[in-house]
Amino acid sequence: MKSLFLFLFTSFCLVSCNNTTIGSVVLVNNVAELETAISKAQPGDVIALADGIWKDLQIKFIANGTEKQPITIKAETPGKVFVEGVSDLKFGGQYLIVDGLHYRNGYSPSEAVVIFRVDKETIGNHCTFTNSVIEDFNKMTRDDADRWIQFWGRHNTLSNCYIEGKTNRGPTIRVDLKGNEHINNYHQIINNHFGPRPPKGGASGETIQIGDSYSSMSPSYTLVANNLFEECNGEVEIISSKTNFNEFRNNVFYKSEGSLVTRHGNYCTIDGNYFIGDGENENIGGIRIINTGHWVTNNYFYNLKGKSFRSPLAVMNGIPKSPQNRYNQVTDVVVAYNTYINCDSPWQFGVGQNLAQKDVLPASEIRSARPLRTLVANNILYNEIGDNSPIVEHDKADGVAFKNNIINNQGVAFEIQEGLQEVGFKLSEIAEHIWIPSSSFEIEPYQGFEFEKITKDLFGNSRSSNNSIGAVVNTNGITPSILDKSKYGPRWYSDEVKDKEPKTIKVAINDDFQAKIDEAENGDIITLDPVPYQVNESILIDKQLTIKTLGDGKAEIIFSGIEDTPLFQLHPKGFLKIEGVILKGKGTQHAFASLKENMYTHFGLKVAQCEISNFKFALKAYKQSFAERITFKNTSISNCKNGLKLSEETNDRGDYNTEYLTIENCHFSNVNQNVIDYYRGGYDESTIGGNLILRNSSFTNCGAKEQNGILINTRGIINVDISNNTFKNNQVKLVALLWGAKNNSHANNTISNSGKIVVEENLKLKLMY
């Protein structure tokens, strides 16, 4: 079998290399054989890793191929070589290729999973990582930072890979430029599928970061092209460009909560990209502009509802004489030949203007420098439902010129802007999410300086003979299949998961509860009889499960575990939905808690129609744990020392313990402190910033031992809605202290003998920078 493999493998290489001479082919079965093969490798050689699991594999690929005869490490069978445990890959040399590996069930021992250098002296140039997968390869704690791909050197490539599930600190991909050997690098990030990156719950969650603020004046020339970004929700910057002369072409951003951002550096080209929203999520953005000399052309924006930092086009205010790591003024930018379909207030200028916060921020943080010499020309706006404010000026846009733009606003009046003309036109749908005008326009495109260099449209049609306003000149029979996943990533891998019918597992009164949980698989349902269950050890949840009472009445779980242990211990990937159950403690334990350590990825909790009483904590999320969603509905929490404590992230770096905390139709009584304690510290705009919905709930005799005298603590949380609640006989000074400058609101609350709700317009928080 092995000899047959070698014959076929050699034949394949000879055919696929365009008659380039191939060297030897060697199949290796263990680390020792691999290291020997690398040490002996000559130009043209191929080293094949045998199919199977390679655990704790730390590859130092130090060798030198040539342009026509690279040295390759490949999977024996692409997709059947799994790299697990404490593993990484380092390139050191010239013309090296790694192809067909699958990283899973582990983490890197170093600063990256794949890094284009071995050390400062041994750097990879003209190296490629391709046709591979990295999924859920997270460090054991959220604050233990790394990158999954780290570029150094020059002319390196990441291509046709699938990358998904990073939850710890650090961008998924970073290009570093510290040193002359790393600038003018011409790296390529092409044809990849970037799958979901969940919200990190803090800063440093980009999918791609090119440079940093301290190398931001360096020329990079990195190309990011033909990639699919799907649900990349780590933070507000999906791509953070922080160097000069980068290009972003023909990428698809699909339902990704963030934007492509020219955060530092100058002279970016952003051309031919698609930004597709769902028509509802206000966190899905487009392009945010900072700095000088960018060209934004031929891009398509559809169904985007983001605002301010996440608006379809956000042109920011800068800081006068800005420090290197803050916000430079926007100057000399061109935004031309783009199309915006059903996008709310798509053009926003002076974004980030914060003069109202001058009393709580130093002058070095005040963004008052308006955009200068910015041209917006030949763009199309179409709104199925008319928009009262297609242009939003957070500060006066007197440095922006508008030329030959058109809008169909369905007759809805808006503040007229010279250079934006109302035209009644219709659209035709030519593919899913892709709509273009169904007729041509009489308005001639504006010919600005160097506009002749915009030679093609979104679909690659020439603009030379039949130019037109908007991203598309004509379709010429083109049907763009931008969400055809076979166009991105490795051909051998699919992220599609088949739906599985959930299995129902019944726990009888004398059964081993944990054994039944262990028997279940993701998505299964655990049913309980409406009788008392005695549980004396924590129930570990490390998968997606539903626990509910079967039939009428409620099951009762009486927990007699030792002090400070949880009834339900939520592990990484532990997503628990529990409904119709009574939970009782003895006053010294927790009803729900995350792990204290090694929460390397997210958990989740939904509690409905439950009764929780006599616990030290109803819920405790420990430091570096994170849940995208925690929900309590139609549930009572009573006679507990603490309620819902989500306030362990006190480093004031913008981190917090959950993205969405929802409490509806719940009753809290006799909860001594931390009734709802939800904290985010530090001025940081990289994240959604946390969300609390507290509605139609009641609070009675709570907060008696609350040290700060505030019943509902939401310090630093950006989005807070406290409405239609009743607060009665709570011995506190304040029900809540809200942040007026952010999206904090309260309405229709009944307050009796419980203090009051106070709004502080400009909340003082610790500076992060």
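Contact here means heavy atoms within 4.5 Å. I need that for my opening entry, and I keep in mind that this is a predicted model.

**Entry: Val28**

I started at Val28, which is found in strand β1, residues 25-28. Leaving out residues up to four places away in sequence, I listed what Val28 touches: Glu33, Leu34, Ala37, Ile47, Ala48, Leu49, Ala50 and Trp54. Is Val28 buried or exposed? Its relative accessibility is 2%, so Val28 counts as buried, the cut-off for that being under 20%. I also checked Val28 against Lys705: they are 677 residues apart in sequence, and their C-alpha atoms are 65 Å apart in space.

**Entry: the cores**

Next I looked up the nonpolar cores. The largest one has 79 residues, and Phe61, Phe91, Phe129, Ile149, Leu158 and Trp347 have the most contacts inside it. A second, separate core has 66 residues, including Leu605, Val675, Ile676 and Val735. In soluble globular proteins, nonpolar side chains do tend to be buried together.

Beyond four places in sequence, Leu158 is in contact with Phe129, Ile149, Phe151, Ile163, Ile173, Gln188, Ile189, Ile190, Asn192 and Phe194.

**Entry: Asn283**

Asn283 is in the loop between β28 (274-276) and β29 (287-289). Its relative accessible area is 14%, so I note Asn283 as buried. What does Asn283 contact, once neighbours within four places in sequence are set aside? I found Ser256, Glu257, Gly258, Arg310, Tyr660 and Ile688.

**Entry: the ten-stranded sheet**

I traced an open sheet of ten strands, with parallel pairing, in the order β44-β45-β48-β51-β54-β57-β59-β61-β64-β67. Which strands stand at the edges? They are β44 (504-507) and β67 (743-747); each has a single partner strand, so one side of each is left without a neighbour in the sheet. Neighbouring strands are turned by 10° against each other on average, direction ignored.

I walked along the sheet from the β44 end. Four bridges join β44 to β45, and the two run parallel. Thr504 has Ile525 in β45 as its bridge partner. Strand β45 (residues 525-528) is covered on both faces: Ile525 and Thr527 are on one side, Ile526 and Leu528 on the other, and all are buried.

Further in, β51 (residues 575-579) pairs with β54 (residues 603-608) in the parallel sense over five bridges. Leu576 stands opposite Leu605 in β54, and Leu605 has already turned up in the second core.

Towards the other end I stopped at β64 (residues 719-723), where five of its five residues are buried. Asn719, Asp721 and Ser723 point one way from β64, while Val720 and Ile722 point the other way. On one pairing, strand β61 (residues 691-695) runs parallel to β64 and is joined to it by five bridges, with Val720 as the bridge partner of Leu692. On another, β64 pairs with β67, again in the parallel sense over five bridges, and Asn719 stands opposite Asn743 in β67.

**Entry: rings**

Phe568 and Phe592 are stacked, at 5.6 Å centre to centre with 15° between the planes. Phe568 is in strand β50 (residues 566-570) and Phe592 in strand β53 (residues 590-594), so I note a link between distant parts of the chain, 24 residues apart. Both Phe568 and Phe592 are buried.

Phe626 and Tyr656 have ring centres 6.2 Å apart and planes at 70°, so this pair is edge-to-face. Phe626 sits in the loop between β56 (617-620) and β57 (627-633), and Tyr656 in the loop between β58 (636-646) and β59 (658-664), so the pair ties together parts 30 residues apart in sequence. Phe626 and Tyr656 are both buried.

I also found a cluster linked by ring pairs: Phe194, Phe229, Phe253, Phe275, Phe301, Tyr340, Trp347, Phe349 and Phe402. Phe194 was on the contact list of Leu158, and Trp347 was named for its contacts in the largest core.

**Entry: charges over rings**

The charged end of Lys742 sits over the ring of Trp739, at 5.5 Å from its centre.

Terms used:
Residues numbered from 1 in each chain as written. Predicted model: local features only at pLDDT ≥ 70, side-chain atom pairs only at ≥ 80, totals over all residues. Heavy atoms only, no water. Core = buried A, V, L, I, M, F, W, Y, C linked by side-chain atoms within 4.5 Å. Buried < 20%, exposed > 50% of the residue type's maximum accessible area, 1.4 Å probe, protein only. Pairing = 2+ DSSP bridges. Axes fitted to C-alpha atoms, helices over the stretch in contact; angles between N-to-C directions. Phe/Tyr/Trp six-rings, centres within 6.5 Å; stacked < 30°, edge-to-face > 60°. Lys NZ or Arg CZ within 6 Å of the ring centre and 35° of its normal.
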